[in-house]
Structures are given as structure tokens and as C-alpha cells.
Amino acid sequence: MTEALGCEHVSKRYGETVANRDVSISVKKGSAHALVGENGAGKSTLMRILYGLERADEGQVRVGGEVVRPSVELSLERGVGMVHQHFMLVPTLTVAENVVLGREPRRGPLVDLKRAERELAAVAERYKLSVDPKRLVGDLSVGEAQRVEILKVLYRGARTLILDEPTAMLTPPEVDQLIAMLRGLVAGGDTVLIVTHKLGEVLALADEITVLRRGEVVDRRSTDGLSAASLGQALVGRSLPALPKRTRAIEAGERLRLADVAIDREDGTRALDGLSLTVAPGEILGVAGVEGNGQRELAAVAAGLLRPARGSVHMGGRDATRLDVAERHALGLGFVPEDRHEEGLLLDAPLWESYYLGREAAYGSSMVIPQALVVEDAAKKMATFDVRPADPWAHARGLSGGNQQKVLLLRELARRPTTLVCAQPTRGVDIGAIAEIHASLLALADEGAGILLVSAELDEIFAIADRVVVLYRGKLVLEQALGAGDDRDALRARIGGAMLGVAHT
Amino acid sequence: MILLVAFVAALVRISVPYALAALGGTMSEKSGVVQIALEGMLLVGAFSAVVSADATGSATLGIVGGALAGGLLALVYALVVLWLSTDQIVTGVAINLLADGLTRYLLKVRYDSASNSPRVEALSIHPLVHGGELVEALTHPLVLGTIGLCFLVAFILKRTVFGLRLRAVGEHPDAARTLGVDPRRVRLFALVIGGLLAGAGGAYLAAEQRQFVSGMSAGRGYIALAAMIFGRWRVWPAVAACLLFGAAEALQIRMQTQGGLLPGWAVQMLPYVLTLVVLGVAGKGKRRGHGGGNAPAALGKSL
Amino acid sequence: MKRLDRIALWLVPLLGALLVTSILIRAAGRSPAEIYRLLIIGTWGNAYGIGQVLFKATPLLFTGLSVALAQRAGLFNVGAEGQITVGAFAAGLCGAYLPAGTPALLAVPACLVCAALGGALVGVVPGWMKARRGAHEVITTIMLNFVVRAAMVGLGALVFERESVHTKPIIAGARLARLSGFVAPLRGSAANLGLVVALVVVGATVWWVERTRVGFHLRAVGAQPKVARAAGLDPARITILAFVLAGAIAGLGGANFVLGYKYYYEDGFSGGVGFVGIAVAVLGGLHPVKLIAAALLFGTLAQGALAVNAVCPKEIIDVLQAVLIIAAAVTTAAQLRAGRTSS
């Protein structure tokens, strides 16, 4: 079979971080190829290089078997289309305008919108992707917007589709629809290259897979006879080191309680819908779910960044509903936000400043920063947590993800929290640091703190949580105690089903 | 009745430079580039119109010269902010200072005056129909041209391929880029066209007085900017805001001669206060920008 | 970044700016070299020139610091022009209406406080509108500049001396002494103790921003507001505070003219120092030495314009100034890009 798209020895660095190292892949014409790997494995970068949005530092890209200098224009010309992880849609334009942008049917200098709508309808009809061409994209649901993204590519006559995590925001029926549609395309001779980290999708769609880990290809194989378990192992490629045993039982009482909390997003959709949960002293409560089902808002409302539209939040036995983050600190809150770059650390300031931020009162009441004191304290803490470099004057931006996460955690632990709201604490963090972070969370729970652990990694929840709840469309759909004797595979299936909104009885 | 007719005539004449500059601003900002240099473009437009008419003896070429000067200044702005990625506000402020200094300098070099050029009769533009004040105002070629340009700009933005791309680039340049539309090129054209429009507005100012006076734009570029925000980056509401501000000014002139309810300085303040009130009331909408709704999402962000 | 590149980053835009200006001077049939020579000797060539440079640099220190402080809080203050105007007006009124015998020790601080309050009053508006209503401060400050300009006409009508555009003179006790009283060769120049006030305010502000808790909060909010919020800070409050301070600092700049030079408030005194302050801030940032150097540079241009006027229209210096601002913006943008790719 001939090749539709491929690359050889591609490397790409951003400053100190290596996104891709010596990557070679080959996607056969008329096949579905899955590129899998964890967050931060370099999948998106590779896709952007193949499509011509980024230039590789080294290596070459082939389109239709021919070595090319990739560019967006060339991709469009050769029938390669890309569906991006973050929608590349203009919300203020209509569906038809979005689809034809850059390749508008013209009547003189004018856009022939009538023809655009007609042509779009024809494409939509052919691929069974119905959507009203006159509607504003800003008014569409996520699933509909996704359809427009794909229509955009198909309208341009693309025969090779690159899809970057197209299902992350979709509901299960939408996912099934998408997979079926993509299968139809492949059956018709088109080529699909899909990025995902969901094993079920890979097995349902792909003929071949390439596994990327930390920027490198670690495995490539056919999906024939592949099981979810063996694929999972290939994907993660490791088992977490043994964690310390818990020394203290969960106590009665509550550290954090949410009662009937509802949150609306800016666009008016409901992010959390009548959610109630309790975290007991000494307990780690894991929150699982497909991204975009309310986890982000749950962490924000627990920490005090968001006010609930309805319901109440209690912390340390007190009503904290109307308190902001600083006021909740006084009630024992520690908060590790999901995105350490955007919300966690001062990237271009010395680490000790990030460590000090919001904890000024811990060093006395002087309005002048007791710099020597803070720096010394930061240095000591960083050394014991093995932050590299353990230099309080280093800037956060230059540190690896794991070390950044450690500094962030150090700050929040330094508050001596009795309630820790912790979102994605090990996203994009290397294995060694994951173990250390997990150990420190367990130690905190052993001191009697209650921890709300929001994580996209089920393995992380299995490793350290005492109980798991599953969020689906802003509601709790499953609650399950976790113990050493659990049948992990059965649990995984049950939780996985709940994450996709499949009711279990 | 006679008073009203005179008032409307004055309002129309006063609103022309506002409208042209606001159209230029809308064109530029819809593409995602902040345009606070309208003031400078009015100024160079006015100066260039006088010099062009003086040199060629043609009023038409004077107006063309004014527009071209505005376009040229916009081109400089565009090259600096789009290709050297400078801060759009700092650069815009500098362009305004540049236009102010440059016109004063050239005024001295060419006409040896610190305050104004001599009258250039060649820049006289006569109404197509002679008659009452209002008839003359409405049949003034530049007034008619401005009305035509309002329709044209609205039409370009709404219906043409260029307009579609311009709007897309102002909202989501990356989306345009992934479809092979180069945001920089689109923005360059948008800015230059915007400069041509504002330059024409300056030419009108000069044509009204048949001479150039130092600093004669007198804040009109900023009022046009306010009108554009007032109109939420849409052509017709922006034009309506220009008429509103023009009405306030016409009223002020009327009151200065006759005395009235509001002192002149209060009327002068009006456009700015109204804009502030609109921004304050608009509040935190879903979409931000200059504040208030409907600002292009990518406004002010470097590529 | 290599050292050579760093120098080139400054040198290329600077030479570009000089080139553009030279072409314009040439176009008028004058010699650029001669103009630049006059510019230098007319300013730094004699004690009087130096004194005048210091005088012109003083308000720029205030407005530059005002813009730079707001910038550290992530805000763009285009409103220093309006702030300094109201500051000067407030200082002038205070100085004029204090009891005639008020000792300097009381009168001067009272006028300075009024100047700061006047500026802060103009500053709080965009601060509040940004923090609470999400209105972009660039637009609100531009609008406020014009509101202030018109309001001054209205207020002026109430308090200006008959047939003039200035207030009645301030009392003797409210005057800031000329520097020539301490450094004799500066005789004749308008440089006054306002410069000392400026240096103290620059030093205090930089120290406050770098070393105190609230200053740290201001920096954190300016750099990464989401990080600050997640750590328990209130970015809205800090935004308002930053704008109040920026307004107060710009307002103090009015003292230089009113308390140190003319001894009354006069309409149109500012001559665009609020806008040139943006240039000073772009070049100097919140770094004391760089800020002072930038203020001196633009002070030199302002004074130098008068020195070249005999040979070439002084407006050429306004052109040079504008082109230099663009050059500085180009350098800043290039540094930002270089910083991004190397880290």
C-alpha cells in the first residue's frame, strides 16, 4: 500500500524542552492510524508539523510519498486537512462562512454565499453531517462545532484527515457518531490520522498505532488482536513505584462539603448541576471524568475562585460559600490549580516569590518583604523535596514540569492546609516526580487533611484515592470506595462507563 | 424652521470627518489591530490635501493627496506593528506625535509659518446644487462621497471575500491561518484602507477652510474612535454616533453665538463622557476588548 | 542572547530613527550633523542648558514613572496628560488659597498632597472601570484626557484671573526653591526642587514595588493575574490601587511647573508631557537609572528643540522624538521575542 503521509527523523525543541525527538511515522493510504500517548508526549506538535503549522528543527515530512517543505497552503493543495484540538472556528461567523473561509466561492469580489451554502449542504449530505449553514458558530453545541470543523476539511476535498484529540469534548453518542463517520471515510479510501489517548477509540477505529512517549516513538504496531490491557501498558509504559502505606484511618466528620452546588458557564450552559459531596478528615477523594464535564469548575468553586449560582460550600465546618480564596485560606484551604503555568506559578520571577505569594502573613506582619527569611525557608523546603535546581533565585520558566509542580505543591503545603483542593497534580510530570508528589499527598492525608483530587488519570486515582466519584455533565454519576482488594479491571470498566454517561445498574 | 435647517446643515458638514475617520477605524479594528492613530491620519491628510492642491491646482488631486497621505501613515504603522510586532498602543501614540510634529515641521519648511498655511483657493469644492444651506450641504461632493463610502465600507465588510477574511482575522487569526489565509496581509490591507479613509477625512477638514492650520484635527480622531466604540464596531451605529457627536458640536456652535443651556466646554466634553458612560454601563459582557460588547476578539493581540 | 546582538537590538532602531530624521532635515536643505551638534551644545554644553534639561526632565520623570508603575500592574496609562493637568490645577488652587503667611514646611507638603490627590482622582476612574466593568483602560484614559481638557475650560472660567488663562499666584511659602540657589551656575534655569521631589518619588516607588508586600502583589497581578487570584490575591483591588497611585504620581508632576516655575497654574502648561511619559516608560521601565536616563534624553530633546530653532524648525525634534519612541518599541518587541525563544 502507498503512503498518504509520513515523516522521518523529525525533532522539535521549544527552548529547553524537547517536544519531538527523532520521530518517524508512516500512514498508509486508505487506513486509519492512531497516534497515542499521554499528555505532553508531543502528539500535537507532531501533527502541527505534519500539517505545516510548525516547522521541524530536523527531519523531513512526506506527503503522498514525496518529500515536501510542509506549509498550510501545500497541505490544502494536496488534500490534507486538519481538525484541531481547540476549535479553529470564528464564533461570530456563520457555519457556511467558516467552512468556505480561504476558499470562498466568488462572484466577482463578492462571496457567493448562496453557492457556499449549496455546496456545504451537498458535502454535509454526502457524509451525513447535518448542520444548519446559516447559524452562527458561536451558538452551536460542542458536538455541532466539531462537525463544522470536519466539514471544513471535507469541503476542501481533503482525502487525508489529521484529527487532534477530536473526542475530548464530545458526549458518548457524539463520539460513536464521529468514529462511525471516520470509519466510513476510511472505507471509502480516505486516510485518517487521529491523535487520542483513549484506548477504546483506538481499538474501534485504527488499523495501526504509533505510541509516543516524551517526544519519542516507543512502539508501533497493528491493532489486530490487540487488547485494551496490552495497549494500555504500551501507552503508559510503566507501573508506578510502590507508595507508602497509610498510617491513619479516615475519621468521621468533614473537611470540605459541597451541597447542591450549581455553576453556569459564561456561555450559559450548566457546568455543575446540583452537585453534593463531602471529603472527610484523612480522606483523599478522587474526581474522575472526561474533560469538560465540570471538573475545572468543581475545583474552582471548592477553592473560592467561583461563586456557585446555587447551593453552598462548607470548609472546616464553616459556611464558606461567599468567601474568596484568601478568606478560605484562613479556614485551612490549600489549592493546587490545574494549570501550573496559567494559574500556579510566577514564571518569570524567582521561585521564592512563587513560594511566598499569598503566604505573606506567615513571615510576620511587616509590610516589607523579609526576603532573607523567605529565601532561606524556600531553599530548605526545596532541598527536602528534591526540587532541581534547589535554587530559590532560579526562575520557574526554566524548570521541568515536575519541578514546577513540586514548587507549587510546596507553597500550598506550607500553608499547612486541612483541606487541599488539588487538580491534575501530575499532568505532564515525569515518573520520579509523580511518585514523590503522590507520597506527599498521602502524608498530608495521614496528618488528617481532606484532599479533593481532580484527575484525568484513573491510575492516579486508583493509586492514592480512598474513594472515587465520577462527574458527567456536571453531575455525580458514580461513587465508589476504593480498596486494595478491588478488581481493577472491572472497576475501570465501570468507572469508564460512568465517565461516558453509560448508566450501570 | 430656518434655525433647524441651518442646524442640520451644520451637523452634516461637521460629521463628515468624524464619519470618515470612524469608518477607517472600524475597518482597521475589525481586522484585529487597535487604531488610535486616526488623529494623526486626519492631520497628515489635511496637510497633504493643502500641499497637493497647491501644487497641482486641482481640488480632486488635493483630496486624493490627502487620502494617500493617510494611507501612507497607516502603512508605516502597519509595517511596524505587524512585522516588528511592536505594542500597538505605544506605536499608535508615537504615530500621532509623529504626525503632529511632521505637519508642523513641514508647514514651516514649506509655508514658513508656525500656525497655518495660506489659503489655497484651488482646494475650493463647490456643492453640485446651489440653493439653501441644507441643499448645499447635502450636495457637497465630499458629503455625497462620504455617504457613498459608508455604504461601500459596510458592503465590503459584509459581502466581499476580503470583508469575510477581515472579520475572521479580527476574531480568530489562527483559524484563518489554518485555512491558508495570511492574517498579516489581510490586516495590512485593512489598515491601509482605513488610513486612506481617515486621510480623506483630514482632506475634508482642510477643504472646508481651504488651508491647513496646525493641529487642526483637534481631537477629532479620538472622537471618531469613541464613535466606533460607541457603535460597537459596526458601521451604521458608528456613523450614527458620529452624527450624534456632530449634533452636539453643531449645537455648541449655535449656542456660542446665541447663548444656551449648556456652556461650550460641557458640550465639548459630551462625546467623551458619553463613551465613558457606555463603557461603564456595558459592563463585563461575554466578550471583552476595549470593554463592552462586540469588540473583535483578537483586537490588540500580536500575531 | 549574545552581547553583540543585544547591542544591535538597541543600535539598529536608534540609527534608523536618526536616519529618518536626517532625511527630513536634508529635505529642508539643512545639515543633519549641524542640527545634532546644536542639539548637544545647546543643552549639555553649558550650565544653563543643563539646568533647563533638568527642568524639562522633571515632569517626564513623574509621568514616565506613572506609566511604568501602571505597566508593572499590567495596565496601560495613556491618561498621565489628564492626571498631571488636574494635579497641577489642584496644587495651584491650594497654593493660591492658603493663608498668606503659611510657612513652607506646611504649604509645600499641602500643595504636593493636593497635586497627588488631583491626579489620583483622575486615576481612580479608569482603575475602577477596568476592575469592575472590564472597560479597557487605554480607551477610558484617552477619553478622560479630553474630559479633563474640557473641564479645565469650565473650571478655569471660575477661577482664572481676569483676562488670563492662569490662576492667581500661589503664596510665597508654597514655592519650591530654584536649584540655582544651591548650585550657582544653574542661574537663570527653571530647574527647581521639584527635581529632588521627583528623584525621591522614583526611589520610593521602585523600592515599594520591589520590596514591600503590596508592591509584590502589584507585580504579581501585572505579570500573571490568574496566578495571583488562585493564590488568594484580589486583582481588581490591586488594579484600582495601581491606577490611583499612577494618577497620584503623574499629578505630582504638576508641582514642577506650578510650585517651581510659574507660581500659578496656567492652561496648556503640560505640552504633552503625559504622552512623552509613555516613551520614557517604554525606554526606562521601572528601573531607576534607566528611567532617569530616559527622562533626561527626552528632556534634552525638549530643550534642544529651542537650541536648533534658529537653524531648522524646532518641530524636527518632535519628529525625532516620535521616531525614537517607535524605535524603542521595536527594540522592546525584539527583546521580548528573543527572550521567548531563548528560555
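Predicted model: local features only at pLDDT ≥ 70, side-chain atom pairs only at ≥ 80, totals over all residues.

Let's start with strand S9 of chain A, residues 160–164. Why is S9(A) described as largely enclosed by the rest of the structure? Five of its five residues are buried, so the strand is largely enclosed. In a regular strand, side chains alternate between the two faces of the sheet. For S9(A), both faces are covered: Thr160(A), Ile162(A) and Asp164(A) are buried on one side, with Leu161(A) and Leu163(A) buried on the other.

S9(A) also has partners. Strand S6 of chain A (residues 80–83) pairs with S9(A) in the parallel sense, and Met82(A) has Ile162(A) as its bridge partner there. Strand S10 of chain A (residues 191–196) pairs with S9(A) in the parallel sense too, and Val192(A) in S10(A) is the bridge partner of Leu161(A).

Now for strand S16 of chain A, residues 310–315. Strand S13 of chain A (residues 256–264) is one of its partners, in the antiparallel sense, and Leu258(A) is bridged to Val313(A) in S16(A). Strand S17 of chain A (residues 318–319) also runs antiparallel to S16(A), with His314(A) standing opposite Asp319(A). S16(A) and S17(A) make a hairpin with two residues between them, and Gly316(A) in the turn has a positive phi of about 55°.

Here are the strand pairs side by side:

| Pair | Sense | Bridges |
|---|---|---|
| S6(A) and S9(A) | parallel | four bridges |
| S9(A) and S10(A) | parallel | five bridges |
| S13(A) and S16(A) | antiparallel | five bridges |
| S16(A) and S17(A) | antiparallel | two bridges |

On to helix H17 of chain A, residues 488–499. At 1.5 Å a residue, its 12 residues should span 16 Å, and its end C-alpha atoms are 16 Å apart, which agrees. Which residues of H17(A) are buried? They are Ile495(A), Ala498(A) and Met499(A). Seen down the helix axis, these buried residues fall within an arc of 100°, so they line one face of H17(A). Asp489(A) and Ala490(A), on the other side, are exposed. The cover over the buried residues includes strand S15 (284–288) and helix H16 (458–464) of chain A. After H17(A) comes Gly501(A), with a positive phi near 80°.

Finally, the contact between chains B and C: it takes 42 residues from chain B and 37 residues from chain C. On the chain B side, helix H4(B) gives the most, with 14 residues. That side divides into 23 nonpolar, 13 polar and six charged residues.

Methods: Residues numbered from 1 in each chain as written. Chains lettered and ligands numbered in written order. Buried ≥ 20, exposed ≤ 12 C-beta atoms within 10 Å, placed from the backbone. Pairing = 2+ DSSP bridges. Contact = placed C-beta atoms within 7 Å. Nonpolar A, V, L, I, M, F, W, Y, C, P; charged D, E, K, R; others polar. Expected span 1.5 Å × (residues − 1). Arc of directions from axis to C-beta.
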